[in-house]
Amino acid sequence: MKRKTKFRYDVSRGETVTIKVTPIETGARVTASDSGETLENSGGPDAPTFELEVDQVPGNSHFVIVECSFLDEDPNTAHFDFELRGSKGGVFKDVVVRKTNQIWDPEFRFTVS
Amino acid sequence: MAIPRVSCRTPLLLMAGLVLTCSAVRAQEYENPPEVLRDAASRGAADILSELERGTQAAEAAELLDQVWNRLVFYTVADALPGDDPHEVRGLQAYRYLAELGRTDKQLGATSSGPGSTSLAEKPGIPELLALALEHGAIEQSVNGTGLTLSTSPYAFVRLLEPDNAANFEQYGLWRRIGGSVTFDMRTEDPTVANVDINQVAEWSVRVRVIGDRSTRTKKFTQRWSEVVQPKIQARLNALSGGISKALNGSPELRDAADASSEVLKGQIAGYLESSDGVPREQRIETITAMTLSALKTTVFDPISESRIALSEETFRGITVAMSGLVKAHQDLFSAQQDLGGILDELNRSPLLTVAFTHHTKVQGSAFSDAKLLFETHVAPFDAVVNGFISWYDHPDPAFNQESVRDFGGTVELAGSVKNPFGRSRKLDVVEPILISATYQLSRLEEANDAIHIAQVKVSIPVTTGVTLPLSVTYASRTDLIDEDEVRGNFGFSLDLDKLYALAHAFTGL
């Protein structure tokens, strides 16, 4: 998996992409979807983790949206740390969704090269 | 809104030139865009600016456009397509993330006998973060005072050493069960923390929560949230990501045009960020939003509506189905707000039992300590708080007929709520109800060899996020020092720093 921007990646067909989300100062309330399909949490309640198998044809993309649900009681410093990992290489850990962000449901695009 | 003139320096302009010219980007405005589109573009713009304000380079900050770009394209395509079904996008209200309703179980003010307290019964909740309450008035003492209470939990210090993630939250749960507070007697005109010192300590208190946990971070609450609220969030995400996929995977021509446009736009935004230092924040957000909508108009809306980019019947149908699903998901999310309120009510009504020890320094009369058992539960339709207490003098003064035991007794409070006319105006605002409570306390004051009856009616009015105005009328058969009955009115205000901090960020966006 190769990064184009924080939210856009090139991947290989057959590669598995893993998105691990660590809640800091907030609860583990994370929901994810890939191109219209539910992504199940395989990481348990403490560390929500979502896996997708790249099965689109070259040129097409997986469009993944991950919503992090803050609550009013969460402190302003609450955030979710993302780790994106490709089974054929590439680990990226610098995506953060903060409570102070306006967007709590960022899009990730994985394009088959 | 005028679109700023931005030089087109990026090499990607050449690619974008296939679908638009730079001057067209500047000239076109997306008049009356769908609400959901404008809102998403505005939120994306705000995040780009916040990233810049955190010290990130302009070009990198502009890349945050990618976190919303695909949905912006999808909304625009739906707006541009012929027929009524895709135009449901114009009926979509701006998406609002679910947020918590207010909590009322935290004891933010002084204990009931502290200076300036307006609380007769004490609640057993323990704030995890620093909370501050400044209240005026008095109930049990003969002197009016002004009290400043600071309270915290050892878990706040654990967080200095360990990341406050879900695993540690569970592992160090014991520290969350303990709370402490100090109340300062404020005699100066400037009631700020910076102006208090140790000589002003009126009381200090330690609490241990024995039964119950009302944190929204517990596994139990997260499980309830997953059962009740998450399916509705999931439905929206599936509809949205599905619609994006149908639109962009279904039309390579549209995808290429949108991709080229986003690259050009990111360059323009970066250029604007570098050239607009000093421009008011709101104006910069509006300008970036207008730039974004303009690019969408030129490179997506116009080509689709003018059939310069043709979508297949299958793609059209897929977008239409996704849009219908999105409309339904948005409607369901309004009820999810109520569902969230419901499970928060469940949480807030779960029983709490706390043991408290408080030492009252010698502000007037002899210093004394007390131990209390604080219990709160829900007895429909009321929230009930029951306190039992006993207090004793550190050094009883025989001259005042004092013995070791000062007093003992119990308190019962029944509380309910009514609708608050002060409504939500921003995302982080919450509509907290007006709380009305009736309290009765019976105690025996040993040195007076007399029983004291106190009855109180209290109204707590949340006037805005984090600020509550408590008003109360109290009847007492006597006070500690004077054997005369009295009726007293009290007023004050309570501040919840957690909420005020969040509100401040909502205004500044920092």
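Visitor: What makes helix α10 and helix α13 of chain B roughly antiparallel to each other?

Guide: Start with the angle: the axes of α10(B) (residues 230-250) and α13(B) (residues 313-348) cross at roughly 160° and come within 8 Å. Each axis is a line fitted to C-alpha atoms, for helices over the stretch in contact, and angles run from 0 to 180 degrees between N-to-C directions. Angles under 35 degrees count as roughly parallel, over 145 as roughly antiparallel, 65 to 115 as roughly perpendicular, and the rest as oblique. The crossing at roughly 160° therefore makes α10(B) and α13(B) roughly antiparallel. Bear in mind that this is a predicted model, where local features need pLDDT of at least 70, side-chain atom pairs count only at pLDDT 80 or more, and totals for chains, interfaces and linings use all residues. Residues are numbered from 1 along each chain as its sequence is written, chains are lettered from A and ligands numbered from 1 in the order in which they are written, and side-chain values use heavy atoms, with hydrogens and water left out.

Visitor: Is the crossing of α10(B) and α13(B) left-handed or right-handed?

Guide: The crossing is left-handed. That word applies if the near helix is turned anticlockwise from the far one by less than a right angle, while clockwise gives right-handed. As for the residues in this contact of α10(B) with α13(B), 11 are nonpolar, 8 polar and 5 charged. In that count Ala, Val, Leu, Ile, Met, Phe, Trp, Tyr, Cys and Pro are nonpolar, Asp, Glu, Lys and Arg are charged, and the others, Gly among them, are polar.

Visitor: Which residues does N249(B) contact, leaving aside neighbours within four places in sequence?

Guide: They are Q56(A), N60(A), S61(A), F63(A), I244(B) and R255(B), where contact means heavy atoms within 4.5 Å.

Visitor: How much area do chain A and chain B bury between them?

Guide: About 5000 Å², 50% of it on carbon and sulfur atoms. Buried area is the accessible area (1.4 Å probe) that two parts lose on being put together, summed over both. D72(A), E73(A) and E107(A) supply 15% of the area that chain A buries against chain B, more than any other three residues. The contact takes 50 residues from chain A and 62 residues from chain B.

Visitor: Why is S460(B) called buried, and why does L435(B) count as partly exposed?

Guide: S460(B), in strand β10 (residues 450-464), has a relative accessible area of 15%, so S460(B) is buried. L435(B), in strand β9 (residues 434-445), is at 22% and therefore counts as partly exposed. S460(B) touches L435(B), and P433(B), I434(B), T468(B), L469(B) and P470(B) are also among the residues that S460(B) touches.

Visitor: What makes N32(B) exposed and N401(B) partly exposed?

Guide: N32(B) has 59% relative accessibility, so N32(B) counts as exposed. N401(B) is at 45%, and therefore partly exposed. N32(B) lies in the loop between α2 (22-27) and α3 (35-53), and N401(B) in the loop between β7 and β8 (405-418).

Visitor: How many helices and strands does chain B have?

Guide: There are 14 helices and 13 strands, taken as DSSP runs numbered from the N terminus (helices: H or I, at least four residues; strands: E, at least two). Of the 510 residues of chain B, 55% count as buried.

Notes. Buried means under 20% relative accessible area, exposed over 50%, partly exposed in between (1.4 Å probe, protein chains only).
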